[in-house]
Structures are given as C-alpha cells and as structure tokens.
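Dear colleague,

I am passing on the structure we talked about, and below it I have put together some notes on what was found. Please read them with the structure open beside you.

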Amino acid sequence: MNKMHKIDIDLVEMTLDVMKYTIDRISNVTPELGAPKKEEELFELIGETVTPTGIGGEVAFKMFRDILVKATVPIDHPRHLAFVPAAPTRAAIMFDLVTSASSIHGAYWMEGAGGIFCENQAMKWLVSLTGLPEGSFGVFTSGGTAANLSAMVAAREAWRKKSTGNIGVRALLLTSNGAHSSIQAMAKVMDADVVMIDCPDENLRGHALQTAIEELGEKDRKRLFAVVATGGTTNAGIIDELDSIADVCEKEDLWFHVDAAYGGGALAAPSVRHLFNGIERADSITIDPHKWLFSPYDCGAVIYKNMELAAEAHSQKGSYLEIFKDEGAQGFNPADYQIQLTRRLRGMPLWFSLAMHGTEKYSTSIERGIELAQIAAKKIEEAEDLELVRPASLSVVLFRRKGWTAEEYRDWTYRNHKSGLALVTPTKWKGENGYETISRFCFINPETTEDDIDMILETMM
Ligand SMILES: Cc1ncc(COP(=O)(O)O)c(C=O)c1O
C-alpha cells in the first residue's frame, strides 16, 4: 500500500531532522558563505536522487545538509552585500514553516479567509506607509517582477478602456535608465514598448519626463499609457523625483507606477521618508518585503490606488470559479488583483513578524541599513586607495579602488567569495568618460557590523 501520506517512524525521524536543522540554521548568525560547484561535480558527489523506490528521507536530507546547501550562498550572511541581499527575521522564517504546514489556498476568501486576514493586516501597514488615499490597497505577489507586471497590465487595460482607439494598439511606456531590468522584461511579456529616458545620473525628474513626452512622435504619444518611476534604484539607491513626475502624469493623463521593490522598505525610515514625497500620488506601487522588510523569499507586493481597475484587469472567470463570487463566499479575493490564481499566502510570514515585533523595530532595523551605508561611505572617504563614486543613497554605496581595472574588481570578488569572507560584486557607473567598473555595497542585514565593513575594505588595500 502507498504510505506516502501516512504517519510512521520515518516521518517522525525526518521531522526531527528538519526541525533540528531549522533551529541550528536560524540561530547561526554567520552561516558558511557557500559557493557554487559545477553541476557535474555535484552529481559526482550526490548521484541520482529521484528513483522508483526513493532513497529515503534520512539520506536525502543528509545530502542537502552536508553537500548541497554548501553550494548555495546564504543571503542573510552579514558580509553578503551584493545585489539586493536579504535578512528575514527568525519569526518570519518560522512562520513560513507554519504557512506551509497549514496548507491554505490563498486565492479566494472562501478558502483562505483567516490567512488572507493576516496578509491584509500587514498590507494595511504597507499601504499606510505610502500615504495613498483611502480605498487604496494591495496584494502580495511572488516578487517585484510579478508586482510590476500586475501593475502594468492593470494600467494598460485601464488605458484600453479609456478609448476605443486604444484597442488593438501596441502600448508604450516611459521609464528611465535607472529602472530595474524587470520593467523591460515585463513589457516584453505584455508585448508593450518601452522608451528609456537617458538620465545622466540615473535619476528621473519631471522636466526630463515632460521633454521625453514632447519628443515622442504623434503616433507614439497616442500609444503612451504609463510612466514607471523608481523609488530606490537597484544599482545606486536613487529615488526619482516623484512629485514632479506625478505632476507630469496628471497633466498628461498617464498611469503613474512607482517601482519601490528595493527602496520601499525605507518608507518606514523617518530619516529618508521625505525623499519619497509624491509616492502618495501614484496609481500603483511595487514594494518587495523579501528585500528590505525582512521576509523570506518570496514575497513582493503590488498596491493600487484604484482596486476596481486592478480587478477589471486580473479577475479570472470560469464556471468552476463562480462560487467564489457568490454572496455566501464573499470577501477579499487576492487572485483578483494580480497575475496569479493559486497562490501561497506569502504575506503571512511578514504579518507574524510584524505582529510579534511591532512596526517600530522594523523602522530601526531599516534605519540601521541606511546608517551602515553612511558609515561605509565615511570609511571609504578616509581610505587613501578608495574613493566614493557618489554619496551613499538609501543603503547603497558606490565606490572605486583607485587604479583598478574591471578584471581586478572581478578577481577580487571571486577571491573573497572563494575564501568565504564576503560576497561583494562589481557594477558599472556612467561618468564623464563613459561607463566605469566600480564596486558596490548594499546593506540590508542590521546585524552587519563595522568590523565586517573593515574586513572587506582591507582586502582592497
Ligand atoms: C527596483 C527593483 N524592481 C524590481 C525588482 C525585481 O524584483 P524580484 O526579483 O523580486 O522579481 C528588483 C530586484 O532587485 C528591484 O531592485
């Protein structure tokens, strides 16, 4: 008989292994900085794991714990300062286990009411940070890419409804060279065009946007449906001039989306909140709790000023789905506001951590990331061989090692990664003489120390 769903001694042992591993892992503040191995090497060590009769939980788990996890980079390592790292709270990680164990379908209130209630409590706080008007709300998505796509599809559908002349027309959106790659990628998914405004400092302002609109030909102006501004660029932490962009969007009757996937957490940081002024005028906003709001992967969020428009774009119809719209099953249905139907309640870990710790601890932990960037910038300014490329912005620091070539930055990255010291990667910045390879820190983990920064900088001297 098939015993896969039965409770037996193997299940008990596997559960103990998992719980022991989980407790060890979340209490380890400096997990080994793993590095990738070639697939052939891993296969050599592991062999075939999926077989007709199974290799057993104990063996499979041991392979993961002793070999495979060591070929991954822990994103919460205090000296992982590359890309946009993450540092989920222990409460959020533990509740991620609870979310899985509870087996809740997160698409419709009928099945997921209690869990969706949790998500909505967390969402209420997120929305309050934006200052959007009454009636604005949002849903959790698999990440910033899915949130951006959901918002852009809602915008395009709203634009098509505005005029029959827009039906069947390939839509066009405007953004800047500071925008994240997902904007172009998702426009491709939607079969929309993107015009990228080349801002010298990757910082979009209202007047540059106005000029770009005026430079569009008449046909393209008619295809223009939205503007995507960035609330904290991935590369440099720069926040576009949201207020003046909102002015232009209002004047030109364009959907105003703010991609704050990375920077959105800083809405909870009083020291920089004013930099986001104008975000409260957006039609939609992306914020990734799995970046700077300490949620485990994956958790993004899309917020809309007008939820009706989002529902018109995303609500799915099918005879088997009609029950969810019935009076007796009514409630908030997350499936109606983003691209996914069946969904994990991925806002639940954020909710539990917020409920446990309170929002003030979130603010202080986010402020610490900003402070670490300022501390690192000061150390760089004081070091003879190093130079700041631009002032630290949010939690990002761009800096150069005087005299280094692109190859030297690359080799330095590999050296530090291989030795298990740190993961810090190069990026590019456009200066007066074109693009230059430089180095970049992005701080998220409030447990990163000044010593960690010193240890990394010393490897550049
Ligand atoms: C500004 C911005 N937008 C969108 C994304 C994409 O988010 P995700 O990787 O969660 O899909 C990122 C990721 O770094 C980002 O920084």
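By class, how many residues of the shell around the ligand are nonpolar, polar and charged? The shell has three nonpolar, nine polar and two charged residues, where Ala, Val, Leu, Ile, Met, Phe, Trp, Tyr, Cys and Pro count as nonpolar, Asp, Glu, Lys and Arg as charged, and the others, Gly among them, as polar.

Before going on, please note that this is a predicted model, in which local features need pLDDT of at least 70 and side-chain atom pairs count only at pLDDT 80 or more, while totals for chains, interfaces and linings use all residues. Residues are numbered from 1 along each chain as its sequence is written.

Of the 14 residues around the ligand, Gly143, Gly144, Thr145, His180 and Ala261 come nearest; a residue is near if its C-beta atom, placed from the backbone, lies within 6 Å of the molecule. Helix α6 supplies the largest share of this shell, with three residues (helices, H or I, of at least four residues and strands, E, of at least two are DSSP runs, numbered from the N terminus).

The largest nonpolar core has 118 residues, and Leu173, Phe225, Val227, Ile245, Ala373 and Val397 have the most contacts inside it. Such a core is a set of buried Ala, Val, Leu, Ile, Met, Phe, Trp, Tyr and Cys residues joined through C-beta atoms within 7 Å, and a residue is buried if 20 or more other C-beta atoms lie within 10 Å of its own, exposed if 12 or fewer, and partly exposed in between, with C-beta atoms placed from the backbone. Helix α6 (residues 144-162) gives the most to this core, with nine residues.

Helix α14 (residues 348-357) is mostly covered, since seven of its ten residues are buried, among them Trp351 and Phe352. These buried residues pack against α4 (90-101), α5 (109-130), α11 (289-292) and α15 (359-382), where contact means C-beta atoms, placed from the backbone, within 7 Å. Just after α14, Gly358 takes a positive phi of about 85°.

Lastly, four strands form an open antiparallel sheet in the order β8-β9-β11-β10, two strands being paired if DSSP finds at least two bridges between them. Because β8 (386-388) and β10 (426-431) each have a single partner strand, one side of each is left without a neighbour in the sheet. β10 and β11 (residues 434-442) pair over six bridges, and Lys428 has Thr437 in β11 as its bridge partner.

With best wishes

Technical notes: Contact = placed C-beta atoms within 7 Å.
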